[in-house]
Structures are given as C-alpha cells and as structure tokens.
Amino acid sequence: MPAKKDEKENLLGITAKKDADFSEWYQQVLLKSEFVDYSSVSGCIVLRPAAYAVWEKIQSYVDIRLKKMGIKNAYFPLFIPESLLKKEATHLTGFSPEVAWVDYGGNTKLGERLAVRPTSETIMYDSYSKWIRSWRDLPLRLNQWNNVVRWEFKNPVPFIRTREFLWNEGHTAFATKPEAEKEIKDIMNLWVDTCENVLALAGIHGKKTEKEKFAGAEYTHALEFVTPNGRLVQGPDAHHDGQIFAKAFNLKFVDKDEKEKYVYQNTWAITTRMIGVMIMAHSDDKGLVLPPKVAPVQIAIVPILFDATKDKVVAECSKLKKELEKEFSVIIDDREGYTPGRKFNEWELKGVPIRIEFGPKDLEKSQAVLVRRDSGEKKTVKLSDVKKEVEKELEAMQISLLEKSRKMLKDSTVNAKTFDELKKAIDSKKIVRAMWCSDSTCEDEIKDKTGGAKLVAIPVDEKPSGKCVYCGKKAEHEVYVSKSY
RNA sequence: GGGGCUGUGGGGUAGCUUGGUUAUCCUUCGCGCUUAGGGAGCGUGUGACCCCGGUUCGAAUCCGGGCAGCCCCA
C-alpha cells in the first residue's frame with residue numbers, strides 16, 4: 001500500500017532533490033543511508049562501516065598496484081617536531097596556517113611542540129637522510145596509508161573538506177630526474193585507472209598553475225572532477241619535488257661517478273575525498289548509488305514472504321545466496337514484519353547495485369526478478385541464469401556509470417574565447433576551458449572578477465593557440481577555470 | 001576573511017512574539033497481534049528543549065557568552 005503523500009516527508013528516504021537543493025541532498029544521502037555520521041569534533045566525520053568498506057576497496061585496489069610497481073609500505077610517526085616542519089620554507093608557509101599542535105603531554109609542557117602531521121614529507125625525509133648514502137640505496141620508494149590533519153576554517157563538507165582525512169602518501173627518491181618523472185606518469189596512470197575503473201569517475205588530467213601547486217613542489221599533476229553543482233574538486237595527485245626537499249633535508253648520495261649528488265623526489269596521494277566525489281556524481285533522489293566495484297554489498301535478495309510458501313521461498317533464496325556469494329557479496333533480507341516495498345526502498349537508499357526479488361510466483365516458474373539500482377530496470381530471468389545475468393548487469397552498471405560521468409564532465413564544460421563568455425559560464429555553474437597567457441596577474445584578476453573562480457588545471461592534452469581570455473596577450477596555456485571546493 | 005539563518009527524543013516538527021500544570025504531532029526504534037510482489041494496520045512501550053551563565057517566584061520561551069550546523073559574499 002502506498003504511503004500517503006504528506007507522510008512521505010517523514011519516512012526513511014531522503015526528501016531533498018539533487019537538482020533543487022544539492023548540499024541538503026548530499027547531506028541527507030550520506031546520513032540517512034547510514035554511510036557517515038557527524039562527530040563531536042567540528043569538521044571531523046565518522047566513516048560508518050559501509051563508508052569504511054568503500055575506502056578499503058579503494059585502498060586494496062591501489063595497494064596491490066603500488067606493490068607491483070615496487071613500492072613498499074611503511075609507517076612514520078603521527079607527530080612532527082616543529083624544527084623539522086620548519087626545514088623547508090615554502091612547505092612551512094603552505095601548511096602552517098592549518099597545522100594542529102600538541103603542546104602538552106599530560107600536564108607537562110613539551111620542550112618542543114609537536115605538529116600533528118598535515119603531510120609527512122618532513123618527518124620521513126629526516127629518516128631518509130639517514131638511510132640514503134650511495135646510489136645503491138636508490139630508488140627509495142615508500143608509501144604509507146594513514147590519516148592527516150589540516151585544521152581548515154572553511155565550511156566543512158563531508159569527505160570533500162574535513163579536518164582529518166584518510167589517504168596514502170607515497171614519498172620516493174631517485175638518483176636522476178628522468179626516473180623520478182617517469183614515476184609521476186606511472187602514478188597518474190594508476191590514478192586514472194582507479195578513478196575510471198573502480199569509482200567510475202572521469203576526470204581532467206591537468207597540471208597545476210604555479211599559484212596552485214603543492215607547497216614545496218616543482219610541479220603538480222592532479223585529476224580534477226566536476227561536481228553536479230558545477231565546481232571542480234581536486235582528486236588524486238602526484239608532485240615532482242625536484243631537489244627542493246633534498247636540499248632542505250640534505251638527501252645526498254654518492255653516485256657511481258663518486259660524486260655527491262642530491263636525490264630527485266616525488267610525492268603522491270589519493271584520499272577519502274574521492275568517496276565524496278563519487279557519491280555526488282552517481283547518487284540520486286532515492287539515495288546512494290555505489291559502483292559495483294566498491295559496493296560493500298553487491299546484491300540484496302528480498303524474499304516475498306507468504307505463510308503458505310514462506311519456507312520454500314526462503315530455502316530457495318538461501319540456495320541462490322550460496323551460489324552467488326562464491327563471486328559476489330550478497331545479503332538476504334528475510335526480516336519479518338517489514339513489507340517488501342519497504343525493503344526495496346531501504347536497499348535503494350543504501351546503494352546496493354542489484355536487488356533480487358523472489359516470491360511464490362517465481363518459485364512456481366523457477367525464475368527471479370533482477371533490479372538494477374542505477375537505472376531501476378527490472379528483468380525476469382530463469383533461476384539457472386541468475387548468476388550469469390547478475391555478472392552481466394554488474395559489469396554493465398559499472399560501465400554505464402563511468403559513461404554517465406564522462407557525459408557530465410563534457411556537458412558541464414564550456415569553451416570561452418572572451419572574458420565575458422567566461423564570466424557568464426561561471427555564473428551559470430559551468431566549468432570553462434580557455435586560453436591563458438600564463439601570467440599570475442591575469443590569474444588573480446580572473447579570480448577576483450568571477451567571485452572566486454580559480455585556474456584549476458592546465459590540461460595535459462592542451463593545445464594553446466590564440467589569445468589570453470583575460471588580457472588578450474599571446475596564449476601560453478589552456479586552462480580549466482572553475483569555482484572549486 | 002566578512003555577513004546572514006538555525007539549534008526541541010534517532011529523523012522531521014508544534015510551542016517561543018506575550019515566561020506558568022505532565023512539552024505537540026508524524027516517523028524511527030522495542031514488544032504483541034495481524035499482514036506481506038514498491039515505504040501495511042491495530043495495540044503498547046522507550047525516547048528531547050545544544051552548553052554555560054544571567055534576569056525571574058518560575059525559562060524551551062527573555063538577555064549575554066560559547067559550541068555546532070547550514071546558506072550567501074570575498
């Protein structure tokens with residue numbers, strides 16, 4: 001029996017519309033699906049089991065591939081002595097406004113206060129300086145999975161901007177620049193692969209402008225993702241640090257030619273922010289939509305229970321579950337006292353990719369009903385074909401979500417020749433591709449006159465030609481301009 | 001960095017202007033019965049005034065401060 005319209009407001013499901021009230025919608029999707037919760041610490045969220053499971057999927061996909069590349073995992077301290085954090089000037093300036101400090105141990109004031117790591121370059125390179133002596137010690141390629149704290153004062157947005165977040169941080173040292181730069185390419189390929197094939201997200205591979213690059217890097221590559229409310233968000237990145245930290249931390253080695261040289265370094269990371277980007281992109285007015293490759297539960301079997309056939313239906317569902325869980329993660333929702341409709345809505349809210357309905361009619365005809373979360377499409381299949389069909393639909397869903405993401409990126413992008421066009425596009429929540437003279441004055445002016453739109457990325461596939469969108473001088477680069485998180 | 005709005009059971013709310021008995025309603029949650037192919041029904045139970053201070057005989061309500069969340073602008 002359908003719920004009365006005026007009662008719907010108070011039911012389990014989300015009431016905000018993605019198109020009409022994006023941030024309210026985003027919040028409701030996360031909270032009502034029991035994906036995350038707020039905590040008593042401002043700007044810090046709780047990843048509930050479903051969210052953490054998604055992170056574990058991302059983590060394991062990336063971790064396996066990093067290890068194949070020859071990178072090893074290690075763990076360095078959470079705390080960084082102030083003196084170490086101060087060693088590289090640009091780095092310090094970049095991070096110091098948002099560092100959280102520990103001043104006391106119990107009641108005892110510490111002799112030197114400790115930073116809670118905002119990133120671990122400084123504490124790691126302190127060790128690296130002891131470990132790197134000869135060319136034989138290189139390359140040194142370590143990664144750690146951990147948490148970092150950046151005490152931001154802007155409005156927190158779950159996953160997108162939180163004061164503490166989870167990530168990996170790879171920190172590597174090479175004897176030569178070409179080796180190091182080759183790694184930047186490999187890592188960026190890994191990020192593209194992970195985002196596209198696991199999270200079903202299409203991004204822009206770009207280079208950061210001088211203004212926007214990582215504090216302490218020579219240059220920064222990153223993937224940028226468009227959100228449904230027309231902003232770009234930075235995703236995973238890879239920074240080539242050249243010899244900047246090497247000089248600050250005295251990372252020298254004796255090369256084969258017996259000369260002392262500084263190492264060349266990279267740092268790179270993917271963070272839990274991507275989970276937020278993924279949810280913004282794929283989820284809808286019914287709740288979460290999780291790509292099959294990250295979904296903690298891929299299939300929910302809902303038995304339709306009538307007294308006369310209950311036992312047989314449940315038995316058949318259990319058989320089905322046993323068969324399916326050889327390859328997929330499956331749950332069977334045989335809770336009594338809830339109607340099927342209620343269960344359907346609940347699993348949709350939680351973003352389970354495939355639902356299987358099975359009742360007396362299906363028992364009679366040896367069939368089951370498959371429903372896809374992303375399209376809502378229903379399909380009746382023979383019991384013997386369920387496994388094959390599920391596999392097919394999960395793959396199709398994964399691909400379809402990526403295509404949708406590609407389309408969103410394409411539809412959100414506008415080319416602008418004049419500043420007027422650029423401004424109009426920004427105002428109508430588009431992201432803009434335009435030409436740029438590469439002067440930071442123009443960068444500042446554009447930001448100023450558009451209400452904060454940044455030059456987010458110089459696409460790696462750029463073909464600069466013509467004139468700067470702002471000053472009209474010869475263009476050096478193409479850029480994506482957009483408001484950002 | 002600046003401005004605005006809002007905090008009442010797990011969620012959504014009424015009450016606040018004009019202070020006054022046991023804080024309203026819906027939903028969730030627990031239990032019992034009954035139901036079951038798209039958010040079922042009846043009965044019953046649990047559960048809240050963000051925190052600190054002030055005014056007052058009396059504060060969810062008025063005042064001050066804090067904390068938190070949201071929105072807009074830079």
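**Starting from one residue**

Guide: Threonine 272 counts as buried, because it has 24 C-beta neighbours inside 10 Å, and the cut-off for that label is 20 or more. Please keep in mind that this is a predicted model.

Visitor: Is phenylalanine 159 buried or exposed?

Guide: Phenylalanine 159 is buried, since 26 other C-beta atoms lie within 10 Å.

Visitor: What about serine 366, buried or exposed?

Guide: Serine 366 is exposed, because 10 other C-beta atoms lie within 10 Å, and the exposed label applies at 12 or fewer. Serine 366 also has a positive phi, of about 55°, although it is not a glycine, and its place is in the loop between helix H12 (360–365) and S18.

Visitor: While we are on the backbone, which peptide bond is cis?

Guide: The bond from leucine 138 to proline 139 is cis, with omega near -5°. Proline 139 lies in the loop between helix H6 (121–131) and strand S7 (140–149).

Visitor: New topic, then: in what order do the strands of the five-stranded open sheet come?

Guide: The order in that open sheet is S16-S15-S17-S18-S19, and the pairing of the five strands is mixed. Strand S16 (330–332) and strand S19 (378–382) stand at the edges with a single partner strand each, so one side of each has no neighbour in the sheet. From one strand to the next, the twist averages 25°.

Visitor: How many bridges join S17 to S18?

Guide: Four bridges join strand S17 (residues 354–358) to strand S18 (residues 367–372), and these two strands run antiparallel. Within that stretch, isoleucine 356 stands opposite leucine 370 in S18.

Visitor: Which helix packs on the sheet and touches S18?

Guide: Helix H13 (residues 386–412) packs there, touching S15, S17, S18 and S19, and its direction makes about 5° with that of S18. Helix H10 (residues 310–324), for its part, lies across strand S15 (299–303), S16 and S17, and runs at about 170° to S15.

Visitor: Stepping back, how is chain A divided into domains?

Guide: Chain A is divided into domain 1 (22–282), domain 2 (299–392) and domain 3 (413–482). The centres of domain 1 and domain 3, taken over C-alpha atoms, are separated by 28 Å. Their contact takes 16 residues from domain 1 and 14 residues from domain 3.

Visitor: Which elements give two or more residues to the side of domain 1 that touches domain 3?

Guide: Those elements are strand S9 (204–207) and strand S10 (219–226), and S9 gives the largest share of that side, four residues.

Visitor: What about chain A as a whole, how many helices and strands?

Guide: The secondary structure of chain A comes to 15 helices and 23 strands. Its radius of gyration is 26 Å, close to the 23 Å that the globule rule gives for 485 residues, so chain A is as compact as a globular protein of that length. The C-alpha trace spans about 85 × 55 × 50 Å along its principal axes, and 41% of the 485 residues count as buried.

Visitor: Last one: where does pLDDT stay under 50?

Guide: That happens over residues 1–10, for which the model has three contacts beyond four places in sequence. For chain A overall, pLDDT averages 93, and 98% of the residues score at least 70. The predictor gives the complex an ipTM of 0.91 and a pTM of 0.96.

How values were computed:
Residues are numbered from 1 along each chain as its sequence is written. Chains are lettered from A and ligands numbered from 1 in the order in which they are written. This is a predicted model: local features need pLDDT of at least 70, side-chain atom pairs count only at pLDDT 80 or more; totals for chains, interfaces and linings use all residues. Two strands pair if DSSP finds at least two bridges between them. Axes are lines fitted to C-alpha atoms, for helices over the stretch in contact, and angles run from 0 to 180 degrees between N-to-C directions. Two residues are in contact if their C-beta atoms, placed from the backbone, lie within 7 Å. The radius of gyration is taken over C-alpha atoms; the globule rule is 2.2 Å times the number of residues to the power 0.38. pLDDT is the predictor's confidence in each residue, from 0 to 100. Domain bounds come from an automatic or database domain assignment.
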